[in-house]
Amino acid sequence: MHRTLATFALGLFLCAGFARGQDINAANEKAMKAATVKVAPSVVRIDTVGGLEIVGGGKSPEIRTGTGGTTGVVVSPDGYIITSSFNFASKPSKIFVTIPGRKDRLEASEVATDQTRMLTLIKVDATGLTVPTPIAKKDTTAGQWALAIGRTLDPDVEHLPSVSLGIISAKDRIWGKVIQTDAKVSPTNYGGPLIGIDGRVFGILVPMGQRGSKETIGYDWYDSGISFAVPFEDVLAKFPAMKAGNELRAGLHGIVPKNPAAEYLYKLEVGALQPKSAAEKAGIEVGDVIASIDGKPVPNYSTFRHIMEPKYEGDSVTFKVMRGDKELEFKDVKLLGASTAFINGFLGILPLRDDPGPGVPIRFVYPDSPAAKASLKEGDRIMKLGPPSPAGAPPRPARPLANRDALATTLASMAPGDEVQIEVKRKDGDKIETITLKLGTIPDVIPAKLPMPSSAGKAMEGQPKAKGLDPFGMGDKKDPAQKVETGYIERANTAKDRSFWLYIPSNYDPNISHGLIVWFHGIGQGGKDGEARSQLLKQFCEDHHFIVMGPRSASTDSWIPTETQGVVQDIRAIMKEFTIDHSRVIAHGTGNGGQMAFHVGFNARDTFRGVAPIGAKLGTTPGDNIATQPLSFFIATGDKDPNVKEIEALKPLLAEKGFPVVVRVVKEAGKDTLDAKTFEELQSWMDSLDRL
Amino acid sequence: MIPMRIAILTILAFIVPATATAADSYEQVCRDVNSKMVKIFGAGGFVRLNNFGSGIIISPEGHILTVASPLLDTPELAVHLYDGRRFKAVVLAVEPELDAAIIKIVPEGKQPLDPTGLDLEYFDIAASAAKPPAGPGDWILGFSNQFEIALREEPVSVQRGVVSAYTTLDGRKGGFDFPYNGKVYVIDAVTNNPGAAGGALTDRQGNLLGIIGREIRNKQTDTWLNYAIPTHAVADVIVKETVNGKEESKTVTLKLPEFVVKGMKADYRAVKRDPSPLRAKVYTGITFVPNVLTRTPAFVEAVAPGSPAADAGLKPDDLISFVDGEPVTSITLFIDYLERRTKPGTTIRLEVRRKGLTQLMSVQLTVKEPPAPSKP
């Protein structure tokens, strides 16, 4: 009520002003400065000391974040301050807070993080702090003036904070989590408030992207006119939970859509379920069609995401699904936090590639694997498989498999120990056998010698486009008859100021799917190593059908994480242009290039399936294993690398997250040399990434 | 809700007639400022080195203030006025520490120092510097020939934004390579584009605030920085003066208006300096813990007895967290600060964390000691 009156009064005041012939710009400018003054006491400066070097760039061989001060906003008079997790990406060893009007700099401690909104709550020993007034979400509308406030540019908190002016561009962005503005938002004001012209707070400025929610996501949108703030109303609502020290994590349901690309066209059919996920535990099955959530109809995947993405761990939802023509209800499904390390179930075969099906021909059987124990043999064809049966129950009848991709998708819902029934057509004769086997885990052993050929050479035929996957006919336009330039090729994207080299094996055939090795050069190489690198891999590429691509960093010195987006764009273009096997796209590199390989591997999960860094520390927060986007690691260095201990320690670290990891330390070698044996192992690893 | 709507409608009803008769429409401001802008053409034309730039007229005679860029490094310097007139120009003065240069129009058939006979609209630098500087939230307009969009008599490009901050840049993040160490206006509009350097930053009413700077990228955050050098700019510069018939170099504090006055009389000579004049060798007596990480916190390992640090009371295991108010995020940054910002004799203020408490101390730096002679 008061607010309405205040607005009314302001309106009257403004009207009176105009009546006197004052200029609207002057009134706006004055109001904005008054708004900044009003919020300033609640905007603090945060300085951090030490910490991991993780992202960033410059001349340093390490990848690291900026080290400047950052911004925070008071959320409680007794010393609680909310800020952007971006500022804590580097896990600082000390945090200092400077509060306007207070002489002493205070040491702060981290209380909790909201991983879904990229916010961190910190606490200082202080009382009587000023909490700014929120603007309710319902009163936030596109077009309102918005000022992004920060404390980075000017370290003196007795001065006014920095200001960037814009308007509210939209609300409920990124699946309903944030407000969008066109004010300039960057590390200079992350963690600061986005305020209205009356000095009340719309939200807290955070980096955010459509793709994910890592600490450093959102780089891509610097200076683009697209920036985000988490509504202050939501921040205050979650404050008690964070104050209690609870890490706020996304509420995971475990439903993987059948057609993730078709967000709007179809009802959401469950394509796979993360094992042990909330949905699986509740009894939802592959093939179910989601009808509604909490009574709200779900016409497509987009609506599903709008409802589900803002949810937290522990939130409960009620699903209604259609199973055939039966409607089923799953009440109060409690969403889980980060799934316990998910490990992909392993059958123990390498499929023969580019076979149009039906069924999946076997190229190789891993010794001692479930497949070997079930006496599957090279040349056999798996016709049907799964689904897994609940413990103690009789095996469920196997379902037909169209091809290799169908087998991979089916296995993505299964964990080691699951019992499945398969139907196999033996190499000799048409006899079909039904076998039950128990899935295992991917072994550390890299098969020494893989049988050839690896491909049936029919990539362009068969593989009928599943209806609905390509509604606009925008599929690949590879013409088998067309002559393709092979060898070492230079490519440049002059518009984007990027360039890369490409090595296409001389025996390139669009009917054979090729693996893609993306080589990230080391410091100072700037891609000059391209010809030598492609010579080194030439024989392997021809024998095993790989294409090598060597993007160049913008600076000759080193890679910086912000280059991920551009590199991935170039990779996607290559994947469209050539016949690329999506299950063998590998980020490979040495030194700083190896760190970049780790970074792109974790940040472009839909593109990469393998990461092979040589002589490189991790330098990135590792993600979790995702059933449908598996990632494997081949990590190597020499025993004289000063970081060898740290690199060896990556094996347990990544294995704990559920990733298959191979670590090799070459004897009597520095950090970027591989001996012949390890190099051969690396090649076999690359060629066996499509193992199932 | 209904009263609110009515209120908004009422405002709208007043705004429409109000703006129609508003006194300072941007239109007039833009016209006035544009008549004081020049387009500069000079050396360059290579990748990332443009042969075009911007400048502002600072005298009726045709003196022009712009940035000290390689663009000026040619005998074939030319300027285009707002009305399309073209002139040759000469460089009268350059001061890299202020990142400023004065050039002058030379009409056909005249000598560089002759009166030009022109009577142009101009910005009064001294009057601008006499006003208090703008602050965060002040609305600004940027005028420049960015990207060489305007040709001949076409008006230069105008942008609007606000002052984000009035602050210094050097030492903030160590990510800049920046000649000028004083305060700048940081702007929230993307003003610093190719060819924009030397353009005008004005307030809402067209009063000059500063000149638009170069394109600078912060390598650590990968953001571009948009800034202008204020007419209040001040720098410590080295100048040559003739005293008693002898030429001497000395360091003086120079304000931009002073530079402008001297420069317009062609009475200013900057001295070429050592490329890294500020890399002083100072001695504290502190030995840090091994600097193994890029961001190893500045923990003190040992303090040499009798050294400046020992005199100040620094002890092993202290964590240096701030120097002169600047956060010390790592040993590397602290050493870099000493090298760039101090010289023997400078007193630095340290904030030191010791057992969870902050200690304030001052350390007066001395000359770096030569390494002890090795025993034969």
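Guide: Two strands pair if DSSP finds at least two bridges between them. Strands are DSSP runs of E with at least two residues, helices are runs of H or I with at least four, and both are numbered from the N terminus. This is a predicted model, in which local features need pLDDT of at least 70, side-chain atom pairs count only at pLDDT 80 or more, and totals for chains, interfaces and linings use all residues. Residues are numbered from 1 along each chain as its sequence is written, while chains are lettered from A and ligands numbered from 1 in the order in which they are written.

Visitor: What joins strand β22 of chain B to β23(B)?

Guide: Strand β22(B), residues 347-354, is joined to β23(B) by 8 bridges, and the two run antiparallel. At least two bridges are required, so these strands pair. Arg354(B) has Leu357(B) as its bridge partner in β23(B).

Visitor: Which strands stand at the edges of this sheet, and why?

Guide: The sheet is open and has 4 strands in the order β21-β20-β22-β23 (chain B), with antiparallel pairing. Strands β21 (326-327) and β23 (357-364) of chain B each have a single partner strand, so one side of each lacks a neighbour in the sheet and they stand at its edges.

Visitor: In what order do the strands of the closed barrel in chain B run?

Guide: The closed barrel has 6 strands, running β7-β8-β9-β14-β11-β10 (chain B) with antiparallel pairing. On average, neighbouring strands of this sheet are turned by 40 degrees against each other, direction ignored (axes are lines fitted to C-alpha atoms).

Visitor: How do you know that β7 and β8 of chain B pair?

Guide: Antiparallel strands β7 (residues 139-144) and β8 (residues 157-168) of chain B are joined by 6 bridges. The requirement is at least two, so the pairing holds. Ser144(B) stands opposite Ser157(B) in β8(B).

Visitor: What does Lys183(B) touch?

Guide: Contact means that two C-beta atoms, placed from the backbone, lie within 7 Å. Not counting residues up to four places away in sequence, Lys183(B) touches Tyr166(B), Thr167(B), Thr168(B) and Pro230(B). The C-alpha atoms of Lys183(B) and Tyr166(B) are 6.3 Å apart, although 17 residues separate the two along the chain.

Conventions: Axes fitted to C-alpha atoms, helices over the stretch in contact; angles between N-to-C directions.
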